Amino acid sequence: MTDAARRVAEFDALIIGAGFSGLYQLYSLRDRLGLSVQVLEAGEGVGGTWYWNRYPGARCDSESHSYCYTFSRELLEEWQWTERYPGDAEIRRYLDHVADRFDLRRDIRFGTRVSSAHYDAATNRWRVTTDKGDQFTAQFLVTAVGCLSTANVPNIPGLEHFAGRWFHTGQWPHEGVDFTGKRVGQIGTGSTGIQAAPVIAETAAHLTVFQRTANYSVPARNAPLTDEFQRWAKEHFDEVRQVMHSTTNGHPFAIDRRCVFDVTPEERAQIYEAAWQKGGLQFRATFHDLLLSKASNDTAADFIRHKIRSIVKDPVTAEKLADIDHPYAAKRPPIDTDYFETFNRANVSLVDVRADPIEAITPLGIRTRAAEYPLDLIVFATGFDAMTGPLLRMDIRGRDGLTLAELWKAGPRNYLGLQVAGFPNLFTITGPGSPSVLCNMPVAIEQHVEWITDCIAHMRSHGLTRVEAETEAMDGWVAEVNAAANATLLPQAHHSWYLGANVPGKPRVFMPYAGGMARYRKICTEVAAKGYQGFAFGS
Ligand code: N01
């Protein structure tokens with residue numbers, strides 16, 4: 001093949017990303033519909049988020065028997081998870097197995113980052129360009145880029161002069177990092193930092209955790225899965241899936257119907273204690289109204305603060321950790337293995353950078369207003385330019401050259417989180433405006449992939465070549481997304497990444513759809529049943 005021939009390759013569909021979403025979308029479009037499909041993936045392997053996030057302690061907060069595909073009975077039968085929560089390496093093994101089992105790799109081009117995607121109305125095709133200058137065209141373009149894949153390294157003056165090494169947790173070196181005997185500074189105490197700190201502390205000479213916002217956390221209680229549970233999960237998978245499809249968050253447990261003040265204070269304390277002992281995100285499911293009523297939420301928040309004070313021996317450190325300024329679960333609630341216990345170690349200290357802000361990174365370490373902390377390594381557990389970041393870092397242009405960046409400059413706008421008016425035949429898996437990050441991700445991903453696949457099948461069987469969200473439907477959905485968030489306590493965490501508040505200059509808009517996965521699924525199904533109401537087709 002000549003260079004010229006190799007450089008413009010034509011497909012029915014292009015998919016950007018080979019994580020959970022991209023793999024299933026490839027399988028669905030290629031093996032169910034018979035389309036010619038190419039996946040473009042920046043990494044050198046499959047896994048998406050899990051390809052990059054290899055930081056110490058990386059583990060999923062969804063329980064393993066629910067953190068998987070459900071579309072294939074054979075796959076469910078043959079795969080065996082080993083722990084209550086899957087670690088990052090086990091998830092990569094799972095996705096490698098899926099890629100091999102369904103022979104997906106032959107249609108994935110690795111080491112290829114998409115830099116631009118432009119819609120050409122004359123041909124009704126997307127023209128996609130990569131960082132290597134290769135070009136592809138396709139009728140359909142599906143972004144499977146993940147919600148948390150654009151690392152956010154804060155712009156702290158002096159980083160370039162730091163004499164030690166630094167890492168962002170979301171771009172962790174594949175060979176690992178040896179902390180032995182090192183003075184380590186960790187910035188960030190979100191889900192990632194809370195997982196990483198206990199593991200780093202095991203080998204580091206000293207770990208200094210720089211905390212800007214104190215955070216709730218509940219023990220994960222991770223453990224190997226017993227044979228009995230593994231058998232049960234396989235035998236009862238239909239029931240488990242039924243629960244996952246009927247709840248707000250797509251997890252395999254129901255949310256209790258009782259409200260906080262339906263029970264006595266003694267019963268409530270017992271319920272919280274039982275959930276604390278059981279561990280995991282179920283803590284959030286103890287009462288129906290935890291995210292609806294501030295007074296109700298306060299009871300859970302107080303319970304956790306009390307736990308923090310009882311675990312952490314130094315009262316000054318305990319107070320800094322328990323001084324939490326937002327409702328419980330209004331930010332994504334972390335779960336942990338010995339996070340608060342870690343602060344009882346002699347080699348771990350906590351710096352409250354809200355009281356004593358970081359001013360600079362020096363060649364020696366981190367300098368706050370009041371002190372300088374000499375360090376060999378800095379770990380940025382500082383999160384992501386979430387949801388919109390992975391889309392906007394590509395130059396996406398729709399009809400008449402309209403850029404996605406321009407359309408979204410005041411915040412994301414789309415219909416059902418799936419399509420944007422002005423961008424025909426572009427589908428965004430788990431895009432902003434869909435439940436995605438508020439949900440057990442594989443549940444949200446399967447629903448989106450299947451909806452997109454059905455929509456394309458509908459088009460092909462009706463001789464339609466173009467689908468596009470209508471502007472009115474898009475505006476209505478943006479209002480719906482705002483209303484759903486405002487009906488909860490979620491927007492009360494003013495510094496949350498759900499609101500884009502962690503990235504300077506990003507519009508403060510609540511991005512995911514907070515109306516619940518089950519409700520969202522119903523809306524999407526009804527829209528399709530009504531002839532794809534709110535979408536315009538062309539041929
Ligand atoms: O990121 P985060 P994350 N100076 O944005 C702090 C998913 N996840 O990577 O809160 C000082 O939550 C920031 O402080 P503040 C999950 O959905 C899943 O931890 O902005 N500090 C915060 O403490 C999760 O929610 C799993 O004041 C700075 C931290 O850095 C999402 O990923 C595991 C700072 C960032 O917390 C993101 O979690 C892990 C600065 N300049 C993550 N900038 C599993 O299920 C930021 N911070 C496995």
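Colleague: How far from an oxygen atom of the ligand does a backbone N or O atom of Thr 189 lie?

Modeller: The model is predicted. In it, the distance between that backbone atom of Thr 189 and the ligand oxygen is 2.9 Å.

Colleague: And what is the distance from a ligand oxygen to the side chain of Lys 331?

Modeller: An N or O atom in the Lys 331 side chain is 2.6 Å from an oxygen atom of the ligand. For Ala 381, a polar backbone atom is 3.3 Å from a ligand oxygen.

Colleague: Which residues around the ligand come nearest?

Modeller: There are 24 residues around the ligand, and those that come nearest are Arg 59, Thr 192, Arg 212, Thr 213 and Lys 331.

Colleague: Changing topic, what are the bounds of the domains?

Modeller: The domain assignment places 9-150 + 386-538 in domain 1 and 159-380 in domain 2. Taken over C-alpha atoms, the centres of the two domains are 27 Å apart.

Colleague: How many residues are in contact between them?

Modeller: Domain 1 contributes 44 residues, in contact with 57 residues of domain 2. About 4,200 Å² is buried between the two domains, with 54% of it on carbon and sulfur atoms.

Colleague: What about polar contacts and salt bridges across that interface?

Modeller: The rule finds 32 residue pairs in polar contact across the interface, both residues at pLDDT 80 or more. The side of domain 1 that touches domain 2 divides into 20 nonpolar, 15 polar and nine charged residues. Two salt bridges are also found across the interface of domain 1 and domain 2.

Colleague: Separately, which residue forms a salt bridge with Asp 61?

Modeller: Its partner is Arg 332, and the closest N and O atoms of this pair are 2.8 Å apart.

Definitions and conventions:
Residues are numbered from 1 along each chain as its sequence is written. This is a predicted model: local features need pLDDT of at least 70, side-chain atom pairs count only at pLDDT 80 or more; totals for chains, interfaces and linings use all residues. Side-chain values use heavy atoms; hydrogens and water are left out. Domain bounds come from an automatic or database domain assignment. Contact means heavy atoms within 4.5 Å. Buried area is the accessible area (1.4 Å probe) that two parts lose on being put together, summed over both. A salt bridge is a side-chain nitrogen of Lys or Arg within 4 Å of a carboxyl oxygen of Asp or Glu. A polar contact is a pair of N or O atoms within 3.5 Å; within protein, one must be able to donate a hydrogen and the other to accept it, and residues adjacent in sequence count only if both atoms are side-chain atoms. Ala, Val, Leu, Ile, Met, Phe, Trp, Tyr, Cys and Pro count as nonpolar, Asp, Glu, Lys and Arg as charged, and the others, Gly among them, as polar. A residue is near a molecule or strand if one of its heavy atoms lies within 4 Å of it.
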